[in-house]
Amino acid sequence: MKPATRLTHLGRSPKDQYGAVNPPVVRTSTVVFDTVEEFERIKDHRQEEGRYGYGRFGTITTVSLERLVSDLEGAADSFLVSSGLAAITTALMALLKAGDHLLVVDCAYLPTRIFTQRVLQDYGVEVEFVPSDCGAEIAERFKENTRALFLESPGSLTFEMQDLRAIADQARNRGIRTVIDNTWASPLGCQPLSLGIDISVHAATKHLVGHSDAMLGVICCNDETAPLVHRMIRALGHAAGSEEAYLGQRGARSLAVRLERASQSALRICRWLQDRPEVARVLYPPLPDDPGHALWQRDFSGACGLFSLVLAKPYEKQQVARMLEGYDLFSIGASWGGYESLVRTETPIRTAKAWEGEGPIIRYSIGLEDCDDLLADLEAGFGRLA
């Protein structure tokens with residue numbers, strides 16, 4: 001079945017739920033048992049024979065969503081945690097120990113950079129950043145102690161693409177694990193495990209929840225990495241709340257139509273922006289002239305509403321602020337992937353290769369508003385900038 005059809009039916013079983021169309025919200029910490037033998041057998045399990053061992057290890061609500069995402073990603077197992085950053089940090093901690101070497105793409109989400117530099121390095125992991133548009137040549141950075149690569153394709157601010165197939169081939173040949181932040185594409189737009197990546201993580205707060213009302217993360221693993229991640233989750237005490245898991249289930253049902261609407265609007269807006277004299281570049285891989293377009297076209301089956309533009313000259317900070325603060329429909333905010341349109345400015349941080357931009361970067365998340373109304377709001381903003 002096509003993804004949109006699967007999204008409608010995965011992770012729910014009305015026959016097992018007294019006819020209810022949605023899985024119930026199970027709020028529990030303690031699970032009780034009839035016998036000592038049953039308690040000893042099941043107490044440490046997420047699920048066995050329809051029974052659950054303890055609220056932190058999983059409930060009907062959380063396991064239903066994990067199974068849904070696993071199916072979409074083609075994963076052996078998936079694990080819910082409390083946020084996208086928790087998914088990233090847990091995946092990396094499951095693969096690394098003191099003395100190991102980690103490669104991280106330069107375009108990685110800022111909190112990912114902070115974690116690798118302020119936590120992993122303090123605990124004895126050697127961290128090295130590599131160019132954001134890397135491919136097979138990344139093998140030149142491998143060391144005897146290289147144990148993992150962290151990818152983000154496209155990067156969620158500057159949208160560089162990595163050659164996932166080539167990188168996965170080089171890493172697998174040397175026994176190096178690969179992790180990717182797949183939030184931009186969602187499980188519908190890219191299935192990294194099918195390209196050879198070991199772990200795909202999502203800030204489910206964004207596309208999967210889709211309504212800007214819950215924090216949630218998910219780690220999707222292949223057969224080899226699932227036990228490692230599961231062990232680390234248990235050791236760290238991670239758990240996703242039942243309410244948040246339920247909101248993830250709810251959001252998943254409309255994921256296909258929301259992504260289709262947002263990406264269509266985004267592509268139309270990006271083409272319009274390319275003709276604006278105030279704009280030097282639009283950073284969005286679905287555009288045919290984007291440097292990463294060929295890789296996006298080869299490995300991805302969809303997009304979303306998140307992109308950036310680079311202004312044509314170094315406008316003053318107060319000029320850009322006047323432009324953004326006057327929008328009627330674009331709210332200033334840090335997240336994305338919800339139903340509402342957002343905008344923010346941010347300066348790229350680079351270690352491996354300096355970022356060169358004609359002017360400031362502005363990132364937009366296109367929501368579900370009418371595209372004509374969004375274009376009118378953008379045009380008025382350029383008037384304020386001038």
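I began with helix α13 (residues 371-385): at 1.5 Å a residue, its 15 residues should span 21 Å, and the end C-alpha atoms are 21 Å apart, which agrees. The expected span is 1.5 Å times one less than the number of residues. Helices here are DSSP runs of H or I with at least four residues, strands are runs of E with at least two, and both are numbered from the N terminus.

I note that this is a predicted model, in which local features need pLDDT of at least 70 and side-chain atom pairs count only at pLDDT 80 or more, while totals for chains, interfaces and linings use all residues. Residues are numbered from 1 along each chain as its sequence is written, and side-chain values use heavy atoms, with hydrogens and water left out.

**Entry on α13**

I looked up which residues of α13 are buried (under 20% relative accessible area, with exposed over 50% and partly exposed in between; 1.4 Å probe, protein chains only). They are C371, L374, L375, D377, L378, G381, F382 and L385. Seen down the axis of α13, these buried residues fall within an arc of 160°, so they line one face of the helix. The arc is taken from the directions from the helix axis to the C-beta atoms. I then listed what the buried residues of α13 pack against: α10 (255-274), β8, β9 (306-311), α12 (317-325) and β12 (361-365). Contact here means heavy atoms within 4.5 Å.

**Entry on the loops**

In the loop between β4 (146-152) and α6 (164-173) I found P154. The peptide bond from S153 to P154 is cis, with omega near 0°. F159 is also placed in the loop between β4 and α6, and its phi is near 65°, a positive value in a residue other than glycine. At 2% relative accessibility, F159 counts as buried.

I also checked S212, which lies in the loop between β6 (199-202) and β7 (217-221). Its phi is near 60°, again a positive value in a residue other than glycine. S212 is partly exposed, with a relative accessible area of 45%.

**Entry on the largest pocket**

I noted the terms before the values. On a 1 Å grid over the protein atoms alone, a cavity is a set of points where a 1.4 Å probe fits but cannot get out, and a pocket is an open set with protein on both sides within 12 Å along at least five of seven lines; lining residues have an atom within 4 Å of a point. Grid points are joined across faces, edges and corners, and a volume is the space filled by probe spheres set on the points.

The largest pocket has a volume of about 600 Å³. It is lined by 24 residues, of which T158, E160, R281, P291 and W355 are the closest to its centre. Strand β8 (residues 279-283) gives the most to this lining, with five residues.

**Entry on the cavities**

My search of the whole structure gave three cavities of 30 Å³ or more. The largest cavity has a volume of about 170 Å³. Among its 15 lining residues, R56, F57, G58, E66 and L80 lie nearest its centre. α8 gives the most to the lining of the largest cavity, with three residues.

The second largest cavity holds about 110 Å³ of space. Of its 13 lining residues, H207, A262, G337, G338 and I366 are the closest to its centre. α10 gives the most to the lining of the second largest cavity, with three residues.
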